[in-house]
Amino acid sequence: MTAPYDNLETRDAKTRATAQLAGLQEQIKRVEDTPGSCLAGGQVDQLGDLPRLPVLRKSQLVDWQRDNPPFGGIPVQNITHIFQSPGPIYEPGGSSHDWWRFGRFLHACGIGAGDVVQNCFGYHLTPAGTMFENGARAVGAVVVPAGTGQTELQVQAAAAAGVTAYAGTPDYLKVILEKADAMGVTLNITKAAVSGGALFPQLRQYYADRGIACLQCYATADLGMIAYETSSTSGMIVDEGVILEICTPGTGDPVPSGEVGEVIVTTLNPDYPLIRFATGDLSAVMDGQSPCGRTNMRIKGWMGRADQTTKIKGMFVRPEQVAALVTALGADRARVIADRDGDADTLIVQIEGAGLDPDAAASAIKDILKLRGDVTFHAAGSLPRDGLVIEDRRTYDT
C-alpha cells in the first residue's frame with residue numbers, strides 16, 4: 001500500500017478544518033471586490049457558513065467570460081496556459097508547480113522517480129494532457145507526451161522508451177495492449193492512472209490479470225484534482241486542495257451525509273479562486289476513514305449528472321425550478337416525474353412534507369414549472385434519496 005504523499009493527507013479533522021477555513025477566507029478576499037466575482041457577499045466565520053454563499057454554475061461562467069474575456073473578471077495569476085473547453089469556457093493553467101494537484105494522485109498510483117509515463121490525454125486546447133504531465137513532473141517521473149490516437153505508434157513508443165505507466169482514459173490502454181499483442185510487442189506497463197470515463201470492474205480486472213494496477217481520479221478542467229482512488233480502492237479520497245460539498249441539485253443546500261447530491265467544490269488554489277463551483281455531477285459521501293490511512297472525506301465517485309433539465313410537454317423543467325417549488329410550498333423536497341400516456345407527455349409532481357395545501361401546490365406548479373400535472377403527497381423521508389429531482393421515465397421505442 002502506497003504511503004501518504006505528505007502530512008496533509010493524515011491530518012486530524014480539526015487541523016484540516018482550521019486550514020480550510022483560513023484558505024477559504026483568503027479566497028473570499030481575492031474575489032469579493034472583483035467585477036464578475038463568483039461571490040455575491042457573505043461572512044464566513046466557520047466552514048458551516050459556506051452554504052450561505054451563492055453557487056457558481058458553468059452557465060454563469062460562460063456569460064461572465066463572454067462579457068469580460070477570457071476569465072470573466074475572476075482574478076487570475078501565475079499562469080502559463082489558456083485552455084478552451086466546450087461552452088466555450090476558458091481555463092487558466094500554470095506550470096511552475098503542481099498547479100492542478102495531480103502529483104498526489106500519481107503518487108497514490110505508485111508512480112514516481114524511475115517511471116516513464118505514456119501520457120495519452122489530449123494536449124491541444126483542452127488541459128488534461130498538461131494536467132497529468134504537470135503531476136508526473138511533481139513526482140519525478142519522465143513523460144512521453146503521446147496524446148491520443150495512432151495506436152501503432154503508441155505501441156512503438158512505449159516499447160522503445162521503456163514505458164512503465166499509462167495515463168489516459170480507462171479504455172484506451174486496452175486498445176494499446178491489444179495492438180501490442182497483435183504486433184508481437186511486449187510492453188512493461190505495470191501502473192495506470194485513468195480518468196475521463198468509466199472504469200468498469202471487468203476492465204479493472206482485465207488490467208489486474210495483466211499485472212497492471214489501475215486507479216482512477218475525478219477531476220475537471222476548471223478545478224483540477226477533486227478526488228482520487230488509492231490502492232485500497234475504497235471510494236475516492238477528496239483532494240487536500242479543495243473543499244467539497246454534496247448538495248441537492250439546483251440548490252446550494254447540503255444533503256445529509258450519505259445521500260446522493262450534486263458535487264460543489266471550492267478550490268483553495270490562490271491563482272484561480274472558484275468558490276462553490278457546481279460541477280454538475282452527482283456523488284455521495286462515504287462514512288468512515290479509508291483503509292489506506294488517509295483521513296480526508298471520501299466520496300463514492302461519479303454517480304451521474306446533476307443537471308437533469310428535461311423537456312416536458314414542450315417546456316424545459318430545471319432542477320432550480322424544483323428547488324423554487326420546494327421553497328414556495330415549505331416542503332421538505334419534491335420530485336418531478338416525466339412519463340408518457342400514448343403519444344402525450346404526462347407530469348407527476350411528488351411532494352414530501354407535512355401540512356401541505358393541495359390547492360397551493362397546484363398553483364405553485366403552474367406558476368413555477370409553467371405546466372399542469374398530477375400532484376401526490378408523501379410523508380417525510382419517503383421519497384428516494386438518489387439525487388434525482390427530475391426523473392424521466394419516458395421511452396421512445398417504436
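Which elements each supply at least two residues of the lining of the second largest pocket? The elements are α1 (13–31) and β10 (242–247).

## Basis of the model

This is a predicted model, in which local features need pLDDT of at least 70 and side-chain atom pairs count only at pLDDT 80 or more, while totals for chains, interfaces and linings use all residues. Residues are numbered from 1 along each chain as its sequence is written, and side-chain values use heavy atoms, with hydrogens and water left out. Helices (H or I, at least four residues) and strands (E, at least two) are DSSP runs numbered from the N terminus.

## Pockets

A pocket is an open set of points on a 1 Å grid over the protein atoms alone, with protein on both sides within 12 Å along at least five of seven lines; lining residues have an atom within 4 Å of a point. Grid points are joined across faces, edges and corners, and a volume is the space filled by probe spheres set on them.

The largest pocket holds about 840 Å³ of space. Its lining comprises 38 residues, with Ser 195, Gly 196, Gly 197, Tyr 218 and Ala 219 nearest the centre. Among the elements giving two or more residues to this lining are α4 (128–138), α7 (201–209) and β7 (213–220); β7 gives the most, with 5 residues. The lining divides into 20 nonpolar, 10 polar and 8 charged residues. Here Ala, Val, Leu, Ile, Met, Phe, Trp, Tyr, Cys and Pro count as nonpolar, Asp, Glu, Lys and Arg as charged, and the others, Gly among them, as polar.

The second largest pocket has a volume of about 420 Å³. Of its 22 lining residues, Gln 20, Ile 243, Leu 244, Glu 245 and Met 297 are the closest to the centre. β10 gives the most to this lining, with 5 residues.

## Nonpolar core

A nonpolar core is a set of buried Ala, Val, Leu, Ile, Met, Phe, Trp, Tyr and Cys residues joined through side-chain atoms within 4.5 Å, where buried means under 20% relative accessible area (1.4 Å probe, protein chains only). The largest such core has 48 residues, and those with the most contacts inside it are Phe 105, Leu 106, Ile 111, Phe 132 and Leu 244. Strand β8 (residues 224–228) gives the most to this core, with 4 residues.

Beyond its neighbours within four places in sequence, Phe 105 has contacts (heavy atoms within 4.5 Å) that include Phe 132, Leu 215 and Met 225. Phe 132 is one of the buried residues of α4, as are Gly 129 and Met 131. After α4 comes Gly 140, with a positive phi near 85°.

Terms used. 1 Å grid on protein atoms, 1.4 Å probe; cavity = no way out; pocket = protein on both sides within 12 Å on 5 of 7 lines; lining within 4 Å. Buried < 20%, exposed > 50% of the residue type's maximum accessible area, 1.4 Å probe, protein only.
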